[in-house]
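Please keep the sequence and the model in view while reading.

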Amino acid sequence: MVPRWCGGEAQRIVVERSRGDTNMVLISGKMSDVRAVRKQQQLNNLVAMVTRLACSGDMVVDFCSGGGHVGIALAHTLPKCQVLLIENKEESLVRAESRCTELGLGNVGFIQTNLDYFTGPFQIGVALHACGVATDMVMDHCVRAGAAFVVSPCCYGFIQNTVKFTFPRSKKFLDTLSYKEHMILCRFADQTAVQLPPERRLIGKQCMGLVDLDRSWRAEAHGYSVEVMTMEPDSCTPKNNMLLHLTSSTQKLSLVTVSLVVTWGPSLEPQAGAVDIHAPMSVYSPRSLSSPSW
Ligand SMILES: C[S@@+](CC[C@H](N)C(=O)[O-])C[C@H]1O[C@@H](n2cnc3c(N)ncnc32)[C@H](O)[C@@H]1O
């Protein structure tokens, strides 16, 4: 793994809705104002992290790009990098392409495909809310390409074994949880919607942390150093975890307040009818994610 640390100080770019200013990036389309603000906040987190990792000439791939929110913001912020949008829905890519044309961005490419078929070289992989197993596919692609990554997962409840992927992903989790127990963890991890009672959401957040810890440990077995963070503000999305590959110098990061503390304790007492998960009680802070105490 080539350590990556090319960027300067982390920038917080503000991705504005277009008001005719050519410096502003058009991202919002038909989103409501509230959604657009939240999307801007999500983008700020990802773009700031990628900006720190990117070197001039890098190929940055926005996996599961949808209409190109992340990729377009990156292409605008990193004019010396090439950005490739990979998405399997044609209409989303057509929308992304017309946005890029409108903005005069010349450093963006588009590939309509299932991300699994993409085999090209790249230095940084990004994925904002790649659904369920798609996040694992992205992380595997990045590991195979030796690329850095910044991903924010979603749809934990859809995670399940596939022909290519089995869960849990890491040896430590495999030693502790059965597939069925891991599935239960994933179902709880999906319970972070704002409409739910705070205590349910807290459990959801904790379970999200554990699912992503398992993913991180899988990547760490391949020489990566991964950190699980919470986007700022944490209200920008109920699926606000962000996993990034770090080098030792990245400990200098101050942009994102690391607030994910995963507790495996009484709040995760098995529900009636659920499988008993015999895990020892531990508390992690993100700084100790790679050296847990269990
Ligand atoms: C929740 S959307 C996120 C879109 C975008 N990243 C954003 O945050 O605005 C997930 C997108 O991933 C795409 N997708 C899911 N699985 C995929 C796969 N295996 N290959 C390519 N695209 C995929 C879907 O079509 C969808 O557009």
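## A strand, a helix and a strand

Strand 4, helix 4 (residues 133–145) and strand 5 form a right-handed β-α-β unit, where right-handed says that, with the strands pointing away from the viewer, the path from the first strand over the helix to the second runs clockwise. Helices (H or I, at least four residues) and strands (E, at least two) are DSSP runs, numbered from the N terminus.

The model is a predicted one, in which local features need pLDDT of at least 70 and side-chain atom pairs count only at pLDDT 80 or more, while totals for chains, interfaces and linings use all residues. Residues are numbered from 1 along each chain as its sequence is written.

## Strand 5 and its partners

Strands 4 and 5 pair in the parallel sense over six bridges, and pairing here requires that DSSP finds at least two bridges between two strands. Within this pairing, C131 stands opposite C154 in strand 5. Strand 5 is also joined by two bridges to strand 7 (residues 241–245), and these two run antiparallel; V150 has L244 in strand 7 as its bridge partner.

Are the residues of strand 5 buried or exposed? Seven of the seven residues in strand 5 (residues 148–154) are buried, a term for residues with 20 or more other C-beta atoms, placed from the backbone, within 10 Å of their own. A148, V150, S152 and C154 lie on one side, F149, V151 and P153 lie on the other, and both faces are covered.

The protein chain has seven helices and nine strands, and 42% of its 294 residues are buried. In soluble globular proteins, nonpolar side chains tend to be buried together.

Apart from neighbours within four places in sequence, I124 is in contact (C-beta atoms, placed from the backbone, within 7 Å) with residues including V50, V60, A148 and F149.

## Around the ligand

The ligand is surrounded by 17 residues, the closest being C64, G66, N88, L115 and L128; a residue is counted if its C-beta atom, placed from the backbone, lies within 6 Å of the molecule. Helix 2 (69–77), strand 2 (82–87) and strand 4 (124–131) are the elements that give two or more residues to this shell, and strand 4 gives the most, with four residues.

Terms used. Buried ≥ 20, exposed ≤ 12 C-beta atoms within 10 Å, placed from the backbone. Contact = placed C-beta atoms within 7 Å.
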